[in-house]
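The sequence and the structure are shown first.

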Amino acid sequence: MNLIDPRARFSQPDGEGSVQVSLDPRDRIGTAKVFAVYGKGGIGKSTTSSNLSAAFSKLGHRVLQIGCDPKHDSTFTLTKKLMPTVIDVLESVEFHSEELRPEDYMFEGYNGVMCVEAGGPPAGTGCGGYVVGQTVKLLKQHHLLDDTDVVIFDVLGDVVCGGFAAPLQHAERALVVAANDFDSIFAMNRIVAAIGAKAKNYNVRLAGVIANRSAATDEIDRFSAAIGMKRLAHFRDLDAIRRSRLKKCTLFEMDPTPEVITAQQEYLRLAQMLWDGVDPIEASPMKDRDIFDFLGYE
């Protein structure tokens with residue numbers, strides 16, 4: 001199995017200006033509800049994804065979380081340690097995927113959440129999109145998606161290339177995590193544009209923004225109103241969340257203080273809302289200069 005094949009052909013444009021390989025219909029995930037989580041680097045996507053996975057599991061759903069970051073730390077609060085990546089285990093068998101067993105790369109985490117770390121190609125040598133694609137192929141070959149209700153892709157940073165937009169080929173809804181500041185709102189704007197490009201050829205649609213690590217949401221809400229966005233949830237900058245990362249656990253395993261209970265309930269509310277279905281959003285992202293002007297920067 002060659003994850004980085006220079007002979008790959010680009011069968012169709014995949015969003016305006018894109019040169020990414022289009023999704024083979026045989027590689028579609030199936031009946032599970034699929035969500036892709038994006039946002040500025042360091043904004044708390046992995047924490048949000050893991051707690052959201054835990055919340056879905058608390059509601060009785062069978063959940064799979066796929067980390068799409070070479071540093072493979074998406075799922076460690078669920079599994080309590082860094083797990084080997086799909087790339088790691090494929091390298092160990094010289095990319096002969098038929099030699100792999102599911103337990104080589106999929107691990108059970110908190111409350112039954114199944115965890116996979118896709119990993120990434122060596123720096124400067126390939127595209128993350130191929131890694132995501134091959135991970136999904138491997139899961140399908142081993143029939144690991146057949147009994148899954150919810151799949152959450154936790155994706156590296158903001159979208160700066162077609163490769164890391166690959167989870168949008170599989171997702172039903174895309175979620176953006178942002179704080180109430182210029183940098184994360186700027187990243188959110190670019191992510192919204194990327195989702196719009198993917199929506200031209202795939203079923204993915206924008207679900208909305210999750211406000212994270214923010215006491216207030218005024219700038220997020222003002223920007224969202226201007227482009228036609230919607231805020232889905234709000235998680236404050238709680239020390240308990242920071243400590244949960246240090247303890248390698250989810251928020252649902254922390255001492256039930258009033259602020260922790262409030263955050264848990266917000267995650268459960270968000271999970272139920274996403275399970276019930278949220279209407280797709282057709283937001284209109286701003287030009288870069290317009291964001292500077294809109295948020296008051298000179």
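Helices here are DSSP runs of H or I with at least four residues, and they are numbered from the N terminus. The model is a predicted one. In that numbering, Ser46 belongs to helix α1, and the "binding site" annotation in the unreviewed UniProt entry covers Ser46.

**The sheet**

Eight strands form an open sheet with mixed pairing, in the order β3-β4-β2-β5-β1-β6-β7-β8. Its edge strands are β3 (106–108) and β8, each of which pairs on one side only. From one strand to the next, the twist averages 25°.

| Strands | Sense | Bridges | Residue pair |
|---|---|---|---|
| β2 and β5 | parallel | six | Cys68 and Val155 |
| β2 and β4 (114–117) | parallel | four | Leu64 and Met114 |
| β7 and β8 | parallel | four | Ile210 and Ala233 |

Strand β2 is mostly covered, with six of its six residues buried. In a regular strand the side chains alternate between the two faces of the sheet. In β2, Val63, Gln65 and Gly67 point one way, whereas Leu64, Ile66 and Cys68 point the other way, and all are buried.

**The helices on the sheet**

Helix α1 packs on the sheet, where it touches β1, β2 (63–68), β5 (150–155), β6 and β7, and its direction makes about 170° with that of β5. Helix α9 lies across β1, β5, β6, β7 and β8, and runs at about 160° to β8.

How far apart should the ends of α9 be, at 1.5 Å a residue? The 19 residues of α9 (residues 258–276) should span 27 Å, and because the end C-alpha atoms are 27 Å apart, the model agrees with that expectation. After the helix comes Gly277, which has a positive phi, near 110°.

An α-helix has 3.6 residues a turn, so residues three or four places apart point the same way. The buried residues of α9 are Val260, Ala263, Gln264, Glu266, Tyr267, Leu270, Ala271, Met273 and Leu274. What covers them includes the strands β1 (33–39), β6 (173–178), β7 (205–212) and β8 (231–235), together with the helices α1 (45–58) and α8 (239–246).

Is Ser46, the residue covered by the annotation, buried or exposed? Its relative accessibility is 14%, and because buried means under 20%, Ser46 counts as buried. When its neighbours within four places in sequence are left aside, Ser46 is in contact with Gln65, Asp73, Ser74, Asp154 and Arg245. Of these, Gln65 is one of the buried residues of β2.

Asn111 has its place in the loop between β3 and β4. With a relative accessibility of 43%, Asn111 falls between the 20% and 50% limits and therefore counts as partly exposed. Which residues does Asn111 contact, leaving aside its neighbours within four places in sequence? They are Ser57 and Lys58, and with the side chain of Ser57 the side chain of Asn111 makes a polar contact of 2.9 Å. Asn111 also stands 9.6 Å from Arg62, C-alpha to C-alpha, although the two are 49 residues apart in sequence.

Note on methods. Residues numbered from 1 in each chain as written. Predicted model: local features only at pLDDT ≥ 70, side-chain atom pairs only at ≥ 80, totals over all residues. Heavy atoms only, no water. Helix = DSSP H or I, 4+ residues; strand = E, 2+ residues; numbered from the N terminus. Expected span 1.5 Å × (residues − 1). Buried < 20%, exposed > 50% of the residue type's maximum accessible area, 1.4 Å probe, protein only. Contact = heavy atoms within 4.5 Å. Pairing = 2+ DSSP bridges. Axes fitted to C-alpha atoms, helices over the stretch in contact; angles between N-to-C directions. UniProt positions renumbered as here; feature names shortened; annotations may be inferred. Polar contact = N/O pair within 3.5 Å; in protein donor to acceptor, adjacent residues only side chain to side chain.
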